[in-house]
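Biologist: Please show me the model. I would like to go through its fold and its helix packing.

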Amino acid sequence: MPYSTIQAITLDLDDTLWPVWPTIKKAEAALHDWLKTHAPNTAALLETPETMRGRRETLIAEFPHLAHDYNFLRTEAIRRSLINGGDDPVLAVVAYEVFSEARNSVELYDDALPALQYLAAKYPIIAISNGTADIQRVGLAKYFKGAISAHEFGIAKPDTRIFKAAAVAVGVSVANVLHVGDDSALDAVGALQSGMHAAWLNREGKDWPHDQPEPHHQSLRHVKSLAELCELL
C-alpha cells in the first residue's frame with residue numbers, strides 16, 4: 001500500500017471500534033424492560049428481548065427498498081408489536097429512543113481510542129456505517145470530520161456510491177482514501193471497488209471467507225488490530 005498517497009481515512013464503526021452484538025443485546029434488553037412498564041401486553045407477547053429482532057427481519061422482505069434503514073425497520077417493528085399487543089402504537093417513537101439511547105452506549109475495543117487519537121492527528125476521518133450508531137452520541141465526534149450512515153444516505157455498503165460520497169465530503173480523490181473496517185465484503189471489497197485503498201481489520205485472523213478468490217491488490221492490507229494499522233501508517 002503506497003502510504004504516502006493516503007490523504008484521508010474512512011472508518012467503519014460497529015465491530016471496528018466496538019463489538020456490536022453486546023451493544024445490540026443491551027439495547028434490546030433496555031427496550032424490553034421499558035415495554036414491561038409502558039406497554040406490558042406487548043412485552044408479554046414479545047416473550048424475550050430478541051423477539052423484536054425477528055420481526056424486524058420480516059419487514060425487510062416487505063420493504064426491500066428500505067433494507068438499509070434500520071431506524072425505520074426497528075421503529076416499524078415496535079409499532080406493529082404495539083398494535084398486536086393492543087397498546088398505543090404512538091409509543092413506538094419513544095420506545096425506539098429508549099433502544100437508541102442504549103444502542104449508542106458502547107464499550108470501545110482497547111485499541112480504538114488510541115488509534116482514533118493517532119489517526120485524527122494525521123488525517124481527516126469520515127465514518128461510514130450501515131448501522132445506526134451516532135458518533136456524537138457515542139462521544140467520538142471530535143475525532144471525525146463527518147459521518148455517512150446508510151439510513152440517512154439511502155444506500156448501504158458495499159455500494160460504491162457511499163464510499164465515493166465520503167471522499168467528496170473531505171474533498172479527496174477516492175484513490176487517496178484508505179477505508180478501514182471489519183467486514184471483508186462490505187468494507188474491504190466495497191472500498192476496493194470504489195477505487196479506495198482498504199485495510200481489512202481481521203481481529204481473529206480469519207481466512208478470506210468468500211467463494212471468490214481474495215483480491216490480490218496492492219491496495220488491500222490485512223491488519224489484526226487498529227494498533228497494527230497505526231504502525232503501518
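Modeller: A note before we start: axes here are lines fitted to C-alpha atoms, for helices over the stretch in contact, and angles run from 0 to 180 degrees between N-to-C directions. The model is predicted.

Biologist: At what angle do the axes of helix 4 and helix 5 cross?

Modeller: Helix 4 covers residues 70-84 and helix 5 covers residues 91-103. Their axes come within 9 Å. The crossing angle is roughly 125°.

Biologist: Is helix 4 parallel or oblique to helix 5?

Modeller: Angles over 145 degrees count as roughly antiparallel, and 65 to 115 as roughly perpendicular.

Biologist: Which residues make the contact, and how many of them are nonpolar, polar and charged?

Modeller: Helix 4 contributes Asn71, Arg74, Thr75, Ile78, Arg79 and Leu82. Helix 5 contributes Leu91, Ala92, Ala95, Tyr96 and Phe99. By class, the contact has seven nonpolar, two polar and two charged residues.

Biologist: How are helix 9 and helix 10 oriented to each other?

Modeller: Helix 9 spans residues 160-169, and helix 10 spans residues 184-194. The axes are 8 Å apart, at an angle of about 70°. Angles of 65 to 115 degrees count as roughly perpendicular. Helix 9 and helix 10 are therefore roughly perpendicular.

Biologist: Which residues make that contact, and what is its make-up by class?

Modeller: From helix 9 come Thr160, Phe163 and Lys164. From helix 10 come Leu186, Asp187, Gly190, Ala191, Gln193 and Ser194. The class count is three nonpolar, four polar and two charged residues.

Biologist: Is Glu152 buried or exposed?

Modeller: Glu152 sits in helix 8, residues 150-153. Exposed means over 50% relative accessible area. Glu152 has 61%, so this residue is exposed.

Biologist: How far apart in space are Glu152 and Thr10?

Modeller: In sequence, 142 residues separate Glu152 and Thr10. In space, C-alpha to C-alpha, the distance is 17 Å.

Biologist: What is the radius of gyration of the protein, and what would a compact globule have?

Modeller: The protein has 11 helices and six strands. Its C-alpha atoms fill a box of roughly 60 × 35 × 35 Å along the principal axes. For 233 residues, a compact globule would have a radius of gyration near 17 Å. The protein agrees with that, at 19 Å.

Biologist: What share of the residues is buried?

Modeller: Buried means under 20% relative accessible area. Of the 233 residues, the buried share is 48%.

Note on methods
Residues numbered from 1 in each chain as written. Predicted model: local features only at pLDDT ≥ 70, side-chain atom pairs only at ≥ 80, totals over all residues. Heavy atoms only, no water. Helix = DSSP H or I, 4+ residues; strand = E, 2+ residues; numbered from the N terminus. Contact = heavy atoms within 4.5 Å. Nonpolar A, V, L, I, M, F, W, Y, C, P; charged D, E, K, R; others polar. Rg over C-alpha atoms; globule rule 2.2 N^0.38 Å. Buried < 20%, exposed > 50% of the residue type's maximum accessible area, 1.4 Å probe, protein only. Parallel < 35°, antiparallel > 145°, perpendicular 65-115°, else oblique.
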